[in-house]
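Me: I am new to this structure and would like to learn how to read it with care. Could we begin with the ligand and then turn to one of the strands?

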Amino acid sequence: MRNEKVAFKAFIVNKAAPNAVIREIRERTLDDLPPGDLVVRVHYSSLNYKDALSATGHPGVTRKFPHTPGIDAAGEVVLCSDGSFAQGEKVIITGHDLGMNTAGGWGQYIRVPSTWPVRLPDGLTLWESMALGTAGLTAALSVLKLKRAGLKPRDGDILVTGATGGVGSIAVSILAAEGYRVVAATGKIEHADYLESLGAASVINREQLTAEAEKALLSERWAGAVDVVGGMTLAAVLKSVRYGGVVACCGMAGSPDLPINVYPFILRGVSLIGIDSAQCPYDLRMEVWQRLANAWKPQHLAGAVVNCSLEGLEEKIQVILTGKMVGRVVVDLIGC
Ligand SMILES: NC(=O)c1ccc[n+]([C@@H]2O[C@H](COP(=O)([O-])OP(=O)(O)OC[C@H]3O[C@@H](n4cnc5c(N)ncnc54)[C@H](OP(=O)(O)O)[C@@H]3O)[C@@H](O)[C@H]2O)c1
């Protein structure tokens with residue numbers, strides 16, 4: 001593996017002009033990869049909303065082209081120059097700069113700093129780790145932070161927005177496993193059965209949340225929430241959280257804005273907790289992966305996942321960008 005000319009397949013995004021993005025699968029060699037201590041043979045990656053933004057040239061995610069997206073990767077170490085990992089060790093890499101401006105998991109090899117990976121915990125396969133991926137890490141971080149803020153199952157209903165998406169689906173599953181009564185809000189009410197199979201006690205149409213959202217405050221309804229949508233949805237959620245409730249803000253599938261007043265915070269003592277998975281410190285990241293490999297591993301994980309080749313990504317990118325994604329997509333880098 002010292003041969004820098006080893007060839008492999010990668011999904012390449014290029015920008016011919018600001019609005020002309022070309023996506024193709026090309027052969028690359030190890031010397032096309034950035035410097036780093038660790039070379040990993042990627043077995044699986046996944047598709048996240050951020051990957052779709054990178055693949056369509058969104059400058060808020062990726063500035064350097066040509067580029068290989070993929071903020072998640074799981075595979076085997078083939079070379080580690082500082083000795084922190086042994087050859088053949090199975091690792092998971094999510095976040096940091098992977099797939100943003102560092103060539104990511106949609107290529108069969110990556111080279112990254114040896115501080116980025118975590119060892120695959122017992123209880124997870126490489127495939128399962130990518131079925132969870134950044135979405136799983138984010139959902140689990142959100143639940144952990146809600147629990148550490150004192151939220152208990154007896155406090156009342158917990159709302160999950162964007163519930164059929166990657167983060168939302170896994171959040172529903174983990175909260176239900178922890179004994180919370182979960183209300184799943186979705187724009188795809190036809191997938192209510194899927195959400196109930198994950199553990200949702202009740203499923204509501206997302207439009208119900210934002211009716212009357214302009215009011216200063218709304219009736220107290222939720223003990224807590226995991227929000228992936230942002231915008232008017234998050235504002236309405238905050239206005240309808242009960243006294244002392246907690247909301248984990250982890251996404252902006254609807255909007256990055258937050259049109260809110262201070263009333264939920266100063267009249268009801270509501271807390272808003274920010275969630276970032278990309279730069280999550282190592283110890284916390286390891287703790288969350290351990291939980292995902294054990295009590296928080298979704299029972300019906302395989303049923304919430306579609307497998308996809310590099311060639312199949314083009315279609316899936318359009319699905320996730322139009323908000324139509326249900327569950328998770330695992331990208332197979334072995335069979336390609
Ligand atoms: N903080 C972090 O570290 C972190 C990590 C991962 C992801 N994220 C963010 O979390 C969000 C979700 O990521 P994901 O990977 O789960 O994406 P995803 O699989 O596409 O799920 C997003 C879901 O949000 C809902 N949605 C989409 N567009 C919407 C709109 N315009 N208005 C209201 N709801 C909408 C849809 O669910 P329904 O049809 O069921 O409503 C959709 O399935 C993204 O903004 C992503 O960038 C943040």
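Reply: Gladly, and please keep in mind that this is a predicted model. For the ligand, we can begin with Gly-187, where a backbone N or O atom lies 2.9 Å from an oxygen atom of the ligand.

Me: Which side chain has a polar atom that lies 2.9 Å from an oxygen atom of the ligand?

Reply: That side chain belongs to Lys-188, and Arg-206 also takes part, with an N or O atom of its side chain 3.2 Å from an oxygen atom of the ligand. The protein covers 86% of the 910 Å² of accessible area that the ligand has on its own.

Me: How many residues surround the ligand?

Reply: There are 26 of them, and the closest are Thr-164, Thr-186, Cys-250, Ile-275 and Ser-277.

Me: Which strands are joined to β15 by bridges, and in which direction do they run?

Reply: Strand β3 (residues 38-47) is joined to β15 by 4 bridges and runs antiparallel to it, with Tyr-44 having Asp-332 as its bridge partner in β15. Strand β14 (residues 305-308) is also joined to β15 by 4 bridges, but this pair runs parallel, and Cys-308 has Val-331 as its bridge partner in β15. Between β14 and β15 the chain passes through helix α9 (residues 313-321), forming a β-α-β crossover that is right-handed.

How values were computed:
Residues are numbered from 1 along each chain as its sequence is written. This is a predicted model: local features need pLDDT of at least 70, side-chain atom pairs count only at pLDDT 80 or more; totals for chains, interfaces and linings use all residues. Side-chain values use heavy atoms; hydrogens and water are left out. Two strands pair if DSSP finds at least two bridges between them. Helices (H or I, at least four residues) and strands (E, at least two) are DSSP runs, numbered from the N terminus. A crossover is right-handed if, with the strands pointing away from the viewer, the path from the first strand over the helix to the second runs clockwise. A residue is near a molecule or strand if one of its heavy atoms lies within 4 Å of it. A polar contact is a pair of N or O atoms within 3.5 Å; within protein, one must be able to donate a hydrogen and the other to accept it, and residues adjacent in sequence count only if both atoms are side-chain atoms. Accessible areas come from the Shrake-Rupley method with a 1.4 Å probe; for residues, only the protein chains shown count as cover.
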